[in-house]
Amino acid sequence: MRAIDPDAVPTVLVGESEQRQALSVRPTLASQVARGEAQETVRETVERMRTVELTIAYGDKVAVNRVSLTVRSGEVLALIGPSGCGKTTLLRSLNRLVELTPGANRWGTITLDGADIYELEPTELRRRVTMVFQQPNPFPFSIFENVAYGLVEGGRRPKRGSELEQQVVTALKRAGLYEEVADDLGHPALRLSGGQQQRLCIARALAVEPEVLLLDEPCSALDPISTEKIEQLMHELAREIAVVVVTHNLQQAWRVADRVAFMYLGDLVECGPAREVLENPQAPRTRDYVRGLFG
Amino acid sequence: MRAIDPDAVPTVLVGESEQRQALSVRPTLASQVARGEAQETVRETVERMRTVELTIAYGDKVAVNRVSLTVRSGEVLALIGPSGCGKTTLLRSLNRLVELTPGANRWGTITLDGADIYELEPTELRRRVTMVFQQPNPFPFSIFENVAYGLVEGGRRPKRGSELEQQVVTALKRAGLYEEVADDLGHPALRLSGGQQQRLCIARALAVEPEVLLLDEPCSALDPISTEKIEQLMHELAREIAVVVVTHNLQQAWRVADRVAFMYLGDLVECGPAREVLENPQAPRTRDYVRGLFG
Amino acid sequence: MAALMARVRGLLRTGAGAFPPRAGGVADAPANPADLRAERTLRGLAVLVLALIAAMLAFVFAKAWPSFAHNGLAWFAAGGNVDRQLTAIFNSPADPDRWVYEIRAWPLLYATALVTVGAVILALPLALLAAVFITEFAPRSLAAVLRAVVRLLAAVPSVVYGLLGILVLVPFVDHYLISDARKASVAGVVQLDGSSVLVATIVLTVMIAPIMIAITCDALAAVPRLWLEGALALGVNRWRVMRTVALRAVRPAIVAATVLAVGRALGEAIMLSMVSGSVAFAPNPLDGLTFFFEPARPLAATIVDNAEGLSVKPFAQTLYSFAAVLLVSTMALSFIGWRLRRSLALPGVGR
Amino acid sequence: KPTITMSGSTSVAPLAAKLARAYLRECRGCVRFKLLQGGSDVGISDVARGRVTIGNSSRDPKPGDPGGLVFNKIARDAICIITNPANRLPNLSQAQVQAIFSGSVRDWRQVPGSTISGPIDLFVRTPASGTQDAFDKIFMKPQKVSTVASQKASNGLIQQAVQRDRNGIGYVSLDFTRGVHTVRYKGVACTLRNAVSGQYEGVRNFYMVTRGKPTGAAARFIRWVQRSTTARRVIATDWVPLR
Amino acid sequence: MSRVAAPEALRNRVGRGGRLRAGWTLGDRLGVAGAWLAGLALCAIALAIVVYMLVRGLQFLNFDLLISHPRAELDQSKSGGFLDPLLGTLILTVLAILLALPLGVGIAVWLAEFGRPAWLARAVEAGVEVVAGTPSVVLAIFGLVLFQQHIFAFMSFKAEGGAVFARSFLTAGAMMALIALPLVVGATREALRSIPDHVREASYSLGKSKAATIRRVLLPGARSGIATGAALGMGRVAGDTAIVVILLGASLQLSPQGDLPILRTLRGTGSTLTSYVYNNSPAGEGNAPQKAYAAAFVLLLIVLCLNFAVDVIQKKGGPRWES
Ligand SMILES: Nc1ncnc2c1ncn2[C@@H]1O[C@H](COP(=O)(O)OP(=O)(O)OP(=O)(O)O)[C@@H](O)[C@H]1O
Ligand SMILES: Nc1ncnc2c1ncn2[C@@H]1O[C@H](COP(=O)(O)OP(=O)(O)OP(=O)(O)O)[C@@H](O)[C@H]1O
Ligand SMILES: [Mg+2]
Ligand SMILES: [Mg+2]
Ligand SMILES: O=P([O-])([O-])[O-]
């Protein structure tokens, strides 16, 4: 067995992709290989969202302070930072969930494909920019109904027909859950295990075919095996859509992120390729934080 | 199931501290140094608790299966294993909290200092064997009242006045929280941050001067900085009392544990010095699990 | 950062700025039309009910006004015999200018307060102990039975309690608890015939305690298990945990339960008119034990007993003045309850 | 088919129901009846506002009643003074009744013929009741009922109270005398026969009240009640027919 | 392995206090004893009431009573049964809850999910509390005058005299709905509040509007709470007397009004088991305790059934949803 020595990492960095590979905790996994390839080829990324001087305050308390950031499809952006630094707030502002919090105020702009998201109808925006939460929160319905939920319009009874079913199955497959639940899609979702529930929530979000997927600490309530499955999933999804993930697990950021944004007390301190921010942070605050675990 | 002889576990760890050091993720921290020293000197460990062929079932479902284990003061014992393997159940059985769950049944014996814990008054037992939970669960009172709670309500003669205050402050200091909250002990505990809350819960447990401290994934809801503080704390506590910690974070087990017990589907698969179990597991199941992250 | 905070504060104060602060997140973008529709409809319903309530208050107070106006503050005082006064009002002459209004309602107010407070004082400890028993100490099968029992008792119609009171309890008290000597001792002042403060209070207690138990039980069940287990894990015994954590955490619920129970007690008419003795007498605590056997007639019971006379205008106005007093008391009660609940609420506990 | 609605006195209601049934049989369902209760005053105010065709009242008109009402007398009803069976009081004069109910006599020892001793417990009706009104007029005038008396909301409550209380005395409609001792008034027993024959003086009137002179179906019904022999027979079962 | 002696420092702390008595003061013991006493007293009271009512009920109840109409007769102990009051109770209860449910659920949803402007929400909350605290006898006398207004003639009927009668199942049901309303609002609001915010947000995040979220996630999720509130409300309605006595006309039999099939009953008058019990208790003119007991017993059975319904609802509880 290879002795893991995360401490040694920053100092011995030489070759790039090997290095990354070596740091990754799951180098032998198929997804990892796929990813390695993706990184070696120039992966095409497209800017989808952008915040400009975004400030969010709860009453007097500024939670996000003049943050300018881009979100690109084709890559995973990880938001890291100590507890309370505003990661969740920033994430929730991207699909305007933050405006549901009483007392929340916003300054600055957020755009989706160049259009101000505050000019969009919120439901429309949220359909394109969906979110998965820290706690798995399936609705108290069956598995099928959970995934179908976003697809079925209004109160009309859906055609139980093949189209809907097809879409549900596809979403479940993309979330890597289909195998496990194929037998009984009528099973109540709340009886699934935590990891399965979380993947169901992802499937539910994927079913509406979002363009940006926001994940707020999606693995913090899960065991390592479920965590691995979800990390793998993020990689795969990032090929097609933009994925933003909040995590306070730096190893996880290592494993999944292409770009990392470090926040501290509401400020966006540093944002750049994962390797650079995690290995060779420029800002002293980032360095302190990352060193807290790494060096 | 592989029979594990709990007695076969060496009581004294000597040498190989360098290797341990290298593995540790925080080698430069003061506590780490202190710990290194502690490990180099022969640390005296004393058996305090012992389970013999302990089986716990919820209704028909066996959650803990014929587990024999010792808990020693002077060291940290980590329980690891995949989700649902019975770690929490085992922990909760040590201070008889498990009997509060309807439908829970027990076979086998548990002793504290040689005496069957089922002959003790549960109140008395729990005062000696206290527990800290996964979710920080401060009472909805002030910080002071939280820490004082066990002292005021636990004893026959409630403590008062300056003596009480003294003990509260001591406990807060031991939990490393005093600095942060010294100004306002009347502050509602629920307004503290997650990490502070968890340390408050530890302070609350320490205030009653337990002999065994049980911690159920105490850091799973916390950020790395809070996590570090709590890990440090565990080290220090383990000098005086027995500490048992459940974690599903193998790195954490590495960092804090002297002994590691690996459970799988209710079985105690392997138990031994942390180094051996994590680096060189004997049982195939342990190997698979540990490799899942390590290899 | 500090500069920005100052700016934020400034903005909050002046309400100016690029994106003026919004309460509750009213979007400056087009809101969903379905949402707007739903909100408007539902708000309409709420306003409708509010209007109805306002109408009720206005109506009752308008109706009651002449009685208060004619009596002034003396309305609330003692003096003369209420029943005589009511009879006189009922027999008012046809000419509105000569309608009789004189009433000194103190004995009715006193009876209302006496019976209500008595019942709450009995019911509160009973309810708290029973709720703790059910949630913590009762064997599980017994607890399940008790929960059902409580809900049954809470749902028993008051007329059934009244029936039992008048056919069982009143005769029992009359026969076995009131001696002839006691009756003789107050002869010429008041008659003791079993319908009494005692019976009224006991039946009322049995009526309101289940309500309080049910609410307290629900609240106790909602206390996070983590708090209870956290306290138990510190080696605090189960009774103390219930007393110092659970009951403390549910104090707002206890207040709510008490307010509800007091409201029920204040407004209970049918049952009290059946068992409370139907004499507008003010029981005197100085009478010693006899006090408990003296009759008393609360406001609500007076309204029901005399509902037949609603068609006589001045009489109806007098009855409405009783109703108005009841309304004011229940409203004051829920206001006090609300304030109390707010001041007792612990951070992090629901409600 | 015309409908006759009646509301009002609970004492009159049973009689009205019986009469209505008999009337329907006789005229072969020529009208529809609707019978509500609520008390004499409810009946009077309902009919005054035009809510019902006929208001039943067990009390005489009083000055406070709305104008324009016609009180059609239909029957009479005896009011009996009752005591506990333990107290077999043979007879009461009007002066004695007044002395007892006004509270000037407070002990049974002061009442000749009483078989018990001890304080007198008085049970009377609430002011809005027709029975109370009648008692005040027929027995008490010009005295007033003592304030000590327990006010009961119904005949039944008085019956029950007197039945239970050895020292009790009260008054009820003739039909509530089961289980209690009925006292002769002015030497005449309170029975239906004595009331019909006119010897017993404690009788009050039952009315069917209309707004103005009755018209149409109601007029026909009331006339039938007042005149027909069938109606007389129905009334005579429990009440006192008009002469 | 033999027991290792604990170091001195630890030894001192081991086993202080006696074994079984440890941690329980006399006060604690008394508290527990009090709790047992209260629990058992509760059992005793309930048992006494239920057994007594059962004995009396079975003693006096017979099938005939259930299927024969009551008649206004001097001696109620000899005449008729209580079919009409029984039907009256059922009609009134169902009617009241049909009115209270949409209104109550609507208000609860508005309060829990919209609640803007805040002052209006507070006013509505206060208003609902006022209703909850208003004695039913006050509601009754208020209803009597309210429904005498001419616009409400459709709820009862207009007599020849031109006045609106104001007493009918519809008017009594409307006031009864006010009694049930706070219970429905309260239970629904609690149920909605117990649904965590992130469930709502999950739905919004899927691009659902608030209205759709309410209809498709929140209301199904709150279903058992709503049902509980409804059942509780029905219990209160079935058990109320004052409104029936004053607003239902107190005609012993159902007396329909008009010709429209169902509406004629609703616009007509009648009585319920509660008013029947009241009238046949010594407090009413019937004074036939046997019948009062029998009817009270049936009333209790109905209430028990409603209770049982609440149980079933809450046990099945898990909100299910058909898409
Ligand atoms: N609803 C709210 N009202 C007021 N303040 C809030 C609210 N939500 C968050 N905050 C504050 O805003 C700041 C940022 O919170 P946020 O939840 O975005 O942090 P985070 O980075 O997600 O933290 P964590 O890692 O603990 O989830 C914190 O200081 C927090 O106290
Ligand atoms: N109250 C309960 N009733 C029935 N089964 C239970 C109960 N609590 C736990 N279990 C079952 O017992 C087994 C062990 O649970 P336990 O909580 O001890 O696992 P764990 O190792 O702590 O898992 P995790 O890492 O997810 O906390 C699981 O299969 C679980 O489903
Ligand atoms: Mg967060
Ligand atoms: Mg666990
Ligand atoms: O019911 P009464 O006849 O006494 O009015």
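# Ligand sites and helix packing in a predicted model

An oxygen atom of ligand 5 is 2.5 Å from an N or O atom in the side chain of Ser58(D), a polar contact being a pair of N or O atoms within 3.5 Å; within protein, one must be able to donate a hydrogen and the other to accept it, and residues adjacent in sequence count only if both atoms are side-chain atoms. The model is predicted, with local features requiring pLDDT of at least 70 and side-chain atom pairs pLDDT 80 or more, whereas totals for chains, interfaces and linings use all residues. Residues are numbered from 1 along each chain as its sequence is written, chains are lettered from A and ligands numbered from 1 in the order in which they are written, and side-chain values use heavy atoms, leaving out hydrogens and water.

**Ligand 5**

- Residues from chains C, D and E surround ligand 5, so the site is shared between chains; a residue is near a molecule if one of its heavy atoms lies within 4 Å of it.
- Ser9(D), Ser11(D), Ser58(D), Gly130(D) and Thr131(D) come nearest among the 12 residues around ligand 5.
- Thr131(D) places a polar side-chain atom 2.9 Å from an oxygen atom of ligand 5, and an N or O atom in the side chain of Ser40(D) is 3.1 Å from an oxygen atom of this ligand.

**Ligand 1**

- The surroundings of ligand 1 include Tyr58(A), Lys61(A), Gly86(A), Thr88(A) and Glu217(A).
- For Thr88(A), an N or O atom of the side chain is 2.5 Å from an oxygen atom of ligand 1.
- A polar backbone atom of Gly86(A) is 3.0 Å from an oxygen atom of ligand 1, and for an N or O atom in the side chain of Lys61(A) the distance to a ligand 1 oxygen atom is 3.3 Å.

**Ligand 2**

- Among the residues around ligand 2 are Tyr58(B), Lys61(B), Thr88(B), Thr89(B) and Glu217(B).
- Thr88(B) has a polar side-chain atom 2.5 Å from an oxygen atom of ligand 2, and Thr89(B) has a polar side-chain atom 2.5 Å from an oxygen atom of ligand 2.
- An N or O atom in the side chain of Lys61(B) is 3.3 Å from an oxygen atom of ligand 2.

**Helix packing in chain B**

- Helix H6 (residues 161-174) of chain B packs with helix H8 (residues 194-207) of chain B at an angle of about 130°, with their axes 8 Å apart; axes are lines fitted to C-alpha atoms, for helices over the stretch in contact, and angles run from 0 to 180 degrees between N-to-C directions.
- H6(B) and H8(B) are therefore oblique to each other, since angles under 35 degrees count as roughly parallel, over 145 as roughly antiparallel, 65 to 115 as roughly perpendicular and the rest as oblique.
- Ala171(B), Leu172(B) and Arg174(B) of H6(B) make the contact with Leu200(B), Ala203(B), Leu206(B) and Ala207(B) of H8(B), where contact means heavy atoms within 4.5 Å.

**Helix packing in chain D**

- Helix H3 (residues 94-102) of chain D and helix H4 (residues 130-140) of chain D cross at roughly 130°, and their axes come within 10 Å.
- This makes H3(D) oblique to H4(D).
- From H3(D), Gln94(D), Val97(D), Gln98(D), Phe101(D) and Ser102(D) meet Phe135(D), Ile138(D), Phe139(D) and Met140(D) of H4(D).

Technical notes:
Helices (H or I, at least four residues) and strands (E, at least two) are DSSP runs, numbered from the N terminus.
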